[in-house]
Amino acid sequence: MKKVLKAIGIILMVIIVGGAVAWFGFLRPEPPPISAEDRRAIELMPLPSSLELKGGKLYLSSIPKPSYNGISTERLDRAYERFADRLASKTAASPTASSAPDEVETDAIEIRIRCDSVSSQYPSLEEDESYRLKIDGKGIELSAPEERGIFHGLETLFQLLEKDEQGWYLPELDMEDAPRYPWRGLMIDVSRHWIPKEVILRNLAGMASVKMNVLHLHLTDHQGFRIESKVFPKLHEMGSEGNYYTQQEIREILEYASDRGIRIVPEFDVPGHTASWFTGYPDLASDEGPHVIYKGIIGDAIMNPANEYTFDFLNELFGEMASLFPDTYFHIGADEPRDEDWNNNPAIQEFMKSQGFSDNHALYAYFNQRLYEIVEGHGKRLLGWDEIQDAGLPADKIAVQSWRNHKSLWKSAREGSHAILSAGYYLDHKQSAAFHYDVDPEVIKGAIEIEIDSAHWQSWKMELKFNDTKLDGELYMFGADENRRGVMGIMGNLYGFDQVKEQDGKLEYDIEGPMGTATFELRQQGDSLVGESSISVFTLNINGSRSGGSDMPDGIALPKFEKIEPLTEDQLRNLLGGEACMWTEAADSVTLESRIWPRSGAIAEKLWSPSELTDDSGDMYRRLLHLNEMLQVIGLQHMSYREDLVVNRVEEPYRVPLNNLIDVLQEDLLFNRMAIYDPPFDVETPLNRVVDAAAPESYAAIHFERKVDEFLETKEVGLKEKIREQLETWATVHEKLEPAIELNPFLEEVEPHADHLSRLAELALVILDNPGDSSVSMAKLDALLVDARKAYGGTLLSVISGLERIIKETGIEAGG
């Protein structure tokens with residue numbers, strides 16, 4: 001999660017996906033770079049730039065041997081050894097063991113590797129990552145301009161490995177591949193919950209497998225300073241509770257990443273998010289303390305920009321870290337400055353007066369301008385979250401990471417900054433892989449496309465309130481009756497909508513956002529609007545007063561709703577790519593991998609593959625399921641972690657049914673999940689409930705849905721039997737788990753899911769065997785489905801859609 005700052009404010013701020021979509025660019029009439037037939041035959045993720053299958057199969061009689069035609073380096077040797085070790089592990093092959101059929105030539109296969117040049121010691125943004133792969137009856141040819149293209153090609157080869165009744169083989173093909181964007185990143189927050197080195201290394205291996213090439217480490221925050229400083233040792237000694245990376249460990253991470261073509265970008269988040277810094281160095285703070293490591297979610301600590309000591313300190317620290325991290329980019333955070341301590345500090349207020357600063361934003365800009373000089377002085381390019389856009393920095397010399405919306409991404413690109421997208425790629429929000437796959441750096445969703453009628457309009461100034469948090473907004477309404485439409489303005493962002501219900505003085509409309517549907521229900525009281533908005537599990541009180549309109553000549557003027565223009569070719573080049581973000585308020589070293597993988601594969605593909613190949617989420621899921629299994633083969637623990645976390649806490653007879661239940665549960669959206677805790681959630685809350693064992697997306701459910709789709713289309717008997725077998729397993733889950741629930745109270749909160757799963761499975765079995773069985777009541781079924789769709793214990797039952805379709809589409813008739 002990207003900080004749970006003003007939870008409702010964040011939700012509203014990121015509601016940038018309304019019903020309309022502004023698609024910019026040109027349709028390409030050329031045939032796709034991979035035919036539909038070839039695409040269905042491969043399980044690669046990400047998809048390559050172009051591929052043509054030749055129809056043959058190259059069977060492997062042993063581990064292929066490399067031969068180098070071009071340069072040969074120790075890095076290439078290590079990359080090949082990793083490939084060969086994985087191949088041997090997966091195929092159980094050895095140099096003398098043959099898995100090919102007798103009639104197939106079994107001479108040792110050769111991989112002819114041609115690399116034209118040595119890559120730099122440390123990966124850079126400018127490197128050529130392209131490669132070409134050819135597989136035919138003569139063997140394998142892998143060529144690339146630079147070493148890191150060879151790395152990518154070997155990862156592709158491993159993913160291509162398949163098995164049939166004759167043995168392991170590689171499909172014969174011609175392939176050319178290169179990334180769409182040079183920045184394909186993953187941010188891991190190691191501060192909120194400590195993430196040890198070995199977990200980082202496993203995730204680097206996962207990143208390499210899907211050709212991600214930037215690991216952004218969020219090293220500091222209120223909850224921990226996670227890296228050794230020899231210059232200011234009290235930072236890690238007093239700010240980490242003993243959990244930090246030594247500088248030697250950082251060097252080991254850097255070497256491991258570099259060997260796989262991955263850059264490491266460090267983040268030292270300032271001026272806010274700094275409570276852990278102040279435990280050892282209180283003079284940096286804007287308040288008097290006492291200073292302790294903050295355990296909550298939303299903290300107020302912020303550095304003192306009026307104290308020259310702050311900048312001397314940061315200059316020395318950043319110099320030390322700039323020499324440790326070789327990457328050109330240096331992330332200063334600079335997000336969410338909660339500035340109340342600035343207001344309460346007389347010395348800071350006096351400093352602002354002396355400098356002629358009219359408000360805290362001017363002070364914030366001053367702070368970042370000083371940091372720009374420091375970072376540039378150490379030979380680095382400053383990178384920050386999108387708040388730095390308005391800090392008066394030289395746009396063409398900084399990089400901006402957009403976490404709030406596409407609007408800030410495109411603004412950065414227009415102004416000449418390097419721009420990186422993270423809005424829509426927040427893994428901790430627990431959205432589906434399909435949701436992330438639908439996010440594209442070059443496509444703005446929520447652009448206003450409704451017709452603006454300047455002759456017939458009304459506006460209201462809105463106040464949205466949740467507890468003590470107040471948000472300002474505006475509402476503009478146009479047209480009447482079925483043509484009623486509007487624009488909602490929230491915290492500087494405008495969202496158009498055209499589905500409005502207006503009756504008896506009530507006004508209702510919805511906005512679809514990444515955190516779910518924002519439903520507005522307002523009542524007209526004279527010139528005022530009063531009502532509520534429901535977002536996730538939160539309700540906001542709304543008050544609106546008329547501010548203008550075509551019937552109010554003395555009111556405000558109708559703003560100019562500017563349609564977003566497409567970026568120019570030069571501006572598009574400033575879009576470096578994107579970064580998936582894994583904030584760890586609700587994840588730790590045990591659950592982290594399950595929250596990152598395999599969904600990150602969908603984001604990796606969006607950033608690597610040609611845009612025309614990334615518009616089919618159904619096909620994406622087909623290949624994501626394969627990736628999910630492959631990641632386990634290479635050592636990730638995203639599937640195995642839950643055994644010790646939850647399953648092994650019950651007695652042996654109950655572990656199988658508990659696994660069967662957890663398989664089809666998924667973690668609810670982040671803010672919904674946080675609402676289950678009493679006392680309120682913080683970073684010391686144990687992460688050992690069933691919700692922590694449930695993945696953000698159930699791939700068992702996706703498998704089932706695909707079987708249901710195919711069965712309903714084909715009525716194939718074999719599929720019917722597979723579905724029946726699954727239903728029979730689910731039908732007994734509740735009965736088998738009941739004794740365990742009595743013995744293990746931690747299971748009580750998900751018992752309704754076990755009950756609903758079993759009851760729906762029983763109904764599906766009845767209908768599967770007796771379509772149209774009149775004993776099944778449609779009314780009772782619908783009531784059961786309503787209850788089954790509710791969240792329990794922060795989890796959702798994810799197979800409801802498939803079960804409902806089996807029951808209803810197989811031929812249910814309305815009963816009594």
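**View A. The largest nonpolar core of the predicted model.** The largest nonpolar core holds 145 residues. Those with the most contacts inside this core are L133, I200, L204, I264, W277, L314 and F318. Helix α12, residues 360-377, gives the largest share of the core, with nine residues. A second core is separate and has 50 residues, among them Y641, A694, A701 and V750. The model shown here is predicted, not experimental.

**View B. I200 and its surroundings.** I200 is among the residues with the most contacts inside the largest nonpolar core. Neighbours within four places in sequence are left aside here. Beyond them, I200 is in contact with I188, V190 and I195, and also with L215, L217, Y245 and I253. One of these partners, I253, belongs to helix α7, while I200 belongs to helix α5.

**View C. Helix α5 against helix α7.** Helix α5 spans residues 197-209 and helix α7 spans residues 247-258. They pack at an angle of about 10°, and their axes are 10 Å apart. Angles under 35 degrees count as roughly parallel, so α5 is roughly parallel to α7. On the α5 side, the contact involves K197, I200, L201, L204 and A205. On the α7 side, E249, E252, I253, Y256 and A257 meet them. By class, the contact has seven nonpolar residues, three charged ones and no polar ones.

**View D. A barrel of eight strands.** Eight strands close into a barrel, with parallel pairing. Their order is β9-β10-β13-β14-β15-β16-β17-β28. From one strand to the next, the twist averages 25°.

View E. Strand β16 covers residues 399-402, and strand β17 covers residues 418-421. The two pair in the parallel sense over four bridges. Q401 stands opposite I420 in β17. Helix α13, residues 406-415, packs on the sheet.

**View F. F711 in helix α23.** Helix α23 runs over residues 699-714 and contains F711. Is F711 buried or exposed? F711 has a relative accessible area of 5%. Buried means under 20%, so F711 is buried. With neighbours within four places in sequence left aside, F711 is in contact with E716, L719, K720, I723, L768 and I806. G544 lies 167 residues from F711 along the chain, and the C-alpha atoms of the two are separated by 52 Å.

Notes: Residues numbered from 1 in each chain as written. Predicted model: local features only at pLDDT ≥ 70, side-chain atom pairs only at ≥ 80, totals over all residues. Heavy atoms only, no water. Pairing = 2+ DSSP bridges. Axes fitted to C-alpha atoms, helices over the stretch in contact; angles between N-to-C directions. Contact = heavy atoms within 4.5 Å. Parallel < 35°, antiparallel > 145°, perpendicular 65-115°, else oblique. Nonpolar A, V, L, I, M, F, W, Y, C, P; charged D, E, K, R; others polar. Buried < 20%, exposed > 50% of the residue type's maximum accessible area, 1.4 Å probe, protein only. Core = buried A, V, L, I, M, F, W, Y, C linked by side-chain atoms within 4.5 Å.
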